[in-house]
Amino acid sequence: RRKLRADVAAAFPNLSAEQLTEFIPNKEELSVIKIYCHKGEAVTVYTNNKNPILFEIEKALYPTVYTLWVYPDLLPAFSTWPPVLQKLAGGADLMLPGVVVPPSGFPQVERGTLCAVTLLGNRAPVAVGVATMSTAEMLAAGMKGKGVAVLHTYMDHLWEYGDKSYPPTLAPLVTDSAEKESTEDEETEGKEPVNSLSSDPLQHMNVGDLSLQERDSCAILMGEEELGENRAAETAEDASTEGLQEAEDSRTPQEQMDALFNQCFFHALKCKVKKSDLPLLTSTFLRSHMFSCCPAGQQLDIKKSSYKKFSKFLQYMQHQKILQVKELNKGVESIVEVDWKHPDVKAFAVPEGFSSASAAHDSKSEDREQVYHAPEIIPLYGVSTKMIPLFQESGHRKGSILSSSEVRNIIINYVKANELVDETNKNFVKVNAILCDCLLDKSEQDEVSHLKWDDLLSRCLERLQPLHQVTFFGQEPIVRKGNIEPIDITIAQRSSNKKVTIIKNLELYGLDPQCVANILQQKVQASATITPIPGTKDRVQVQIQGNQIHHLAKMLLEEYQLPRKYIQGLEKAPKLGRKK
């Protein structure tokens with residue numbers, strides 16, 4: 001506690017001794033919490049009376065909004081329009097076009113200075129951040145670009161750790177005096193009292209009301225005395241809209257993609273996914289639900305976001321306790337639980353004018369059927385211990401992953417570099433000591449001295465460790481050990497000589513077993529169920545009455561465009577009898 005008080009005094013020297021004692025009390029309970037951001041950064045949070053008062057990142061202390069509401073003048077502050085708060089709370093930084101210029105000018109800050117962000121008409125800070133450039137550089141840049149890198153805002157998750165109270169209404173100090181003088185000089189009549197600026201814009205987040213306040217205040221702040229009241233209002237409103245638009249457009253492409261992923265994620269949870277859909281494959285959630293919630297003219301691309309992988313995006317949402325993801329099948333993750341009562345989900349509203357193909361309420365099976373893309377499956381090979389001598393000349397070690405063409409090129413280069421091509425018959429390769437140890441069995445080592453090119457390459461591939469790479473549409477490639485298991489279709493006999501069709505391993509190809517069961521049930525008008533696979537843990541299979549392999553073959557081969565080599569059991573289709 002004593003060390004913390006010393007650190008606070010060093011970080012905020014303008015705090016008096018009384019304020020410091022009040023800030024870090026001697027006897028009241030003070031808690032320390034360590035949390036982790038979605039990017040893995042460790043943050044230490046100090047709480048007093050269950051409200052976070054400080055947070056520490058890389059040994060630097062920052063006050064929370066709860067602290068700044070008690071000490072509003074602790075940090076230099078930049079003022080912005082009230083509608084910008086929603087952007088800041090969504091993760092955006094404060095862009096200079098959205099900053100309001102006060103009559104007294106900007107506070108003098110240097111790059112890296114800790115700053116607060118306030119809303120026009122209220123001195124209570126709503127965000128904490130670090131200045132990305134000095135005041136002189138801001139003015140030299142023509143008030144364009146990023147002004148403050150925001151670390152914490154009112155309404156974010158750190159604020160939710162506290163009592164979730166609203167910002168107090170604190171009248172601006174400098175603005176009031178400046179406006180009072182200007183109104184006396186102008187001797188204007190019929191204008192609203194300047195005291196109207198002290199009303200708390202956060203108590204009613206109505207954009208229409210806020211814009212009216214902005215009109216009156218902006219007309220006074222900018223000194224546009226000669227313009228009529230209506231003209232001043234239009235000018236201020238246009239300036240506000242232009243500032244907001246430019247602030248939004250000035251976001252980096254990565255920030256825009258992050259915002260788009262957040263919007264589509266909450267839209268899909270609120271409007272697309274139902275409790276009966278769970279567990280839901282993460283690939284199906286992205287492909288069938290989030291993609292359909294993407295606004296027209298925009299496209300989701302996880303590689304252009306800060307997350308880089310969809311699994312990391314879901315890990316962040318899981319950390320926020322919005323959903324729970326589990327690996328029900330090896331290498332395949334599913335959403336098993338969703339908290340629809342989470343404040344972020346409840347607070348999300350579908351953007352006005354949203355248009356997508358899902359407006360005509362198609363069934364989920366049809367949506368999935370239309371957007372399904374067969375995964376790209378590439379066989380790969382890992383260098384095993386026995387094959388190291390053959391591959392180390394090309395710079396590869398044990399565990400190096402290669403494609404078949406890369407293996408072929410390495411073998412060809414090795415044979416040519418060691419002059420192993422048979423001079424009398426170029427279709428054969430002479431077997432040296434390394435090839436003998438790597439590719440020949442013990443019984444062959446004394447007998448085989450030459451190998452055909454095809455035999456040489458096939459032997460090499462057989463002795464490498466098999467792997468495969470699966471790339472689902474819109475996701476990062478996944479590399480797994482072994483050869484991919486085919487979709488397994490079997491016919492089982494039940495009581496009363498009834499037959500059922502059982503389908504396994506659908507998840508490995510990005511297919512939702514529940515979706516496949518629903519589609520089959522509609523097509524063949526037979527009962528379909530999802531059952532656990534006997535002898536396994538957390539794996540499921542589709543079971544449908546009758547021999548339905550004909551319908552399955554048509555759906556998997558023609559509609560889903562899966563290669564036949566990845567489907568096992570199609571030969572068990574019933575033979576069509578001759579009509580008599």
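Student: Which residues of the largest nonpolar core touch the most other members?

Tutor: A nonpolar core is a set of buried Ala, Val, Leu, Ile, Met, Phe, Trp, Tyr and Cys residues joined through side-chain atoms within 4.5 Å. Buried means under 20% relative accessible area, exposed over 50% and partly exposed in between, with a 1.4 Å probe and protein chains only. In soluble globular proteins, nonpolar side chains tend to be buried together. Here the largest core has 35 residues, and those touching the most other members are Ile487, Ile489, Tyr509, Leu511, Leu556, Tyr560 and Leu562. Strand S20 (487-493), helix H19 (513-524), strand S23 (540-545) and helix H20 (549-559) each give two or more residues to this core. Helices (H or I, at least four residues) and strands (E, at least two) are DSSP runs, numbered from the N terminus. A second, separate core of 31 residues includes Phe265, Cys293, Val325 and Ile335.

Student: How far can I trust these positions?

Tutor: This is a predicted model, in which local features need pLDDT of at least 70 and side-chain atom pairs count only at pLDDT 80 or more, while totals for chains, interfaces and linings use all residues. Residues are numbered from 1 along each chain as its sequence is written, and side-chain values use heavy atoms, with hydrogens and water left out.

Student: What does Leu511 touch?

Tutor: Contact means heavy atoms within 4.5 Å. Leaving aside residues up to four places away in sequence, Leu511 touches Leu281, Tyr372, Ile487, Leu506, Val516, Leu556, Tyr560 and Leu562.

Student: Which residues of helix H1 are buried?

Tutor: In H1 (residues 2-11) they are Leu4, Arg5 and Val8. Seen down the axis of H1, the buried residues fall within an arc of 100°, so they line one face of the helix. That arc is taken from the directions from the helix axis to the C-beta atoms. The face turned away from the buried side carries the exposed residues Arg2, Lys3 and Ala10.

Student: In what order do the strands of the sheet with S15 and S19 lie?

Tutor: Two strands pair if DSSP finds at least two bridges between them. This open sheet of 4 strands has the order S15-S14-S18-S19, with antiparallel pairing. Strand S15 (401-403) and strand S19 (478-481) stand at the edges with a single partner strand each, so one side of each is left without a neighbour in the sheet. Strand S14 (residues 376-382) pairs with S15 over 3 bridges, and Leu380 stands opposite Ser403 in S15.

Student: Which helix packs on this sheet?

Tutor: Helix H16 (residues 404-417) does, touching S14 and S15, and its direction makes about 90° with that of S15. Axes are lines fitted to C-alpha atoms, for helices over the stretch in contact, and angles run from 0 to 180 degrees between N-to-C directions.
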